Amino acid sequence: MTAALEARTVRPQLARDTWNVLLRELKPMVRDPFSLIFSLLQPLVFLGLFGPLLVAQSGQDLATTLAWFVPGVLVMIVLFGTGATGSNLQYEMMTGSHERTLVAPLSRPALLIGRALKEVAPIVVQALVIVGIAMIFGFRAHPLGLLAGLGLLAVFGIGLGALSYSLALATKEHEWLFWGVQQSLIFPLLILSGVLLPLDGGPGWMRAVASFNPVSHVVEAQRALLGGSFGSSEVLWGWLAALLVALVGLAVGVRAIRKSS
Amino acid sequence: MPSDTVISTQSLTKRFTVKKTEVTAVTDLSIDVRRGELVAFLGPNGAGKSTSLRMLTTLIPPTSGGASVAGYDIERDPSGVRSRIGYVGQGSSGSFSQRVRDELLSQGAFYGMGRRERTQRTDELISSLELESFASRTVQQLSGGQKRRLDIALGLVHAPAVLFLDEPSTGLDPQSRANLWEHIVALRARYGTTVFLTTHYLEEADRYAERVMVMDSGRVIADDTAATLKANLAGDAITLTLDEATHLARASSAVERLAGAGAERRDDRTLAFTAPQGSALLPRLLRELDHEGIRVTTATAVPPTLDDVFLALTGRTLRDADKTEPDSPETSNDETRTLEGSTR
């Protein structure tokens, strides 16, 4: 058997390598699915503690408030979970595991794309858990809209994941820099997206900035989709925003991984 | 490149720019390594060992010069090199969240092995590196020695022509180090893999490597078997204690005559000197002294270590060199460890 292994030359292949990287990245999740539930703590806190406040503030009933808030919480999963995924790569860069993959005959872009694609799995699982819990409290989503909404989140998540990995590749072993940049981007993006509070009553400059925030468009599209409206302009803008984030994220990420050593 | 040469470098050079100052980490490295050799790169921190290894494993490009590894040019065909080498860096090759077995299977897939083949190979390596008891644990749960054994297994999954090991035993306790070496030696005997490693553990290079390349300030300053290096460059350290102080001067001239080396007075009855093949010389010297009526009460001959070789070559010991060498930029995280295990 060892003899049969001798003198084999393996050439990088983008599709095959991406698939293998993706499978490897999925393994810890499959082995330990509980870790996914654990990272849902934050969105659940928002849902459980912020939700009642929103009900009191808006004067609307719980179901109406949830219809507005749950899509935002789903986007929040992507922002907080996927946005932080680069820290895993950073840790692997510091411990040596990333270096090992750089010496393997793998396509460099595959190392990033495979990782970014993996983000779809936790996003979908976590979103379904949140929707399930919200349904207990009266939340209702259009089934096809939910499916499309998950697709939208997935595309957005691939882009955000790729950006998070790019940040890890750029900040190298400086964990503080990674978290510093990550946190100072994520929170403004979150607040300026209308996930937590509607921006309608906010100052003009805030609404102006929000209109350029891709997260706002993804959130609004998510609300429309889960409400069963497929053809609205919000949905179109949301898809455009998500695709733009995905394209930019992958382009930046592939550039960063090519330079990694 | 002759057919049995697996590593061949020509004037391989690497320069870095650190804070606008150019630092040459490796200068004109020209070496050939034959199939099946176990070669150790020995040198102090910042000598350029890791940088050389990183060039040979395609992690960083050389500034000038070239090299071919396992039949492929490191610059023209890095993926060819990658598919034929195994690399165990200074860190842990396994990802913290992955299970041991999963990492080996993934590694097999990375090297284009089919499902059956990689399962078979994983089982084989789990058995030969004795990973059974923790094969379903995650890497973060392993001890340092266990991680290192996994790293080596990962480096061997695809039966590489050359296995590069960067400081394989640094940070391990003596027992784990001995255990790791047993595995390296056994695996090499089994698969005939060429092993190229860096170390600053003198006694490891001495004991296990068939060929030692001493590196200092970016250059290879000696390249031979440890035994030859020691015999040619350092000699045995001989100490003689006489019964009477009055015999010291005569004994000293006998030493000079026979050993061709000046003897140093340790105290009024003790002489010390260093001579190539000193141990072989000692019986003759004792007979000669006896013949002259000089009685020797104790005689010791201490064989040289590679540290003595380094001292002879550079005028300083490896331990001292480690303290004074500035770290080259590429090695700041990997060559800043303390020198341990000096045999003197």
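Reader: Why is Thr138(B) called buried?

Author: Its relative accessible area is 17%, and buried means under 20%, with exposed over 50% and partly exposed in between (1.4 Å probe, protein chains only). So Thr138(B), at 17%, counts as buried. This is a predicted model, where local features need pLDDT of at least 70, side-chain atom pairs count only at pLDDT 80 or more, and totals for chains, interfaces and linings use all residues. Residues are numbered from 1 along each chain as its sequence is written, chains are lettered from A in the order in which they are written, and side-chain values use heavy atoms, with hydrogens and water left out.

Reader: What is Thr138(B) in contact with, leaving aside its neighbours within four places in sequence?

Author: Phe96(B), Ser97(B), Gln98(B) and Arg99(B), where contact means heavy atoms within 4.5 Å.

Reader: What makes Asp102(B) and Arg31(A) a salt bridge?

Author: Their side chains meet at 2.7 Å, N to O. The rule asks for a side-chain nitrogen of Lys or Arg within 4 Å of a carboxyl oxygen of Asp or Glu, so this pair passes. Between chain B and chain A the count is 5 salt bridges.

Reader: How much area is buried between chain B and chain A?

Author: About 3,400 Å², and carbon and sulfur atoms give 51% of that. Buried area is the accessible area (1.4 Å probe) that two parts lose on being put together, summed over both. On the chain B side, Arg82(B), Phe96(B) and Phe110(B) lose the most area to chain A, together 20% of what that side buries.

Reader: How many residues of each chain are in contact?

Author: 42 of chain B with 33 of chain A.
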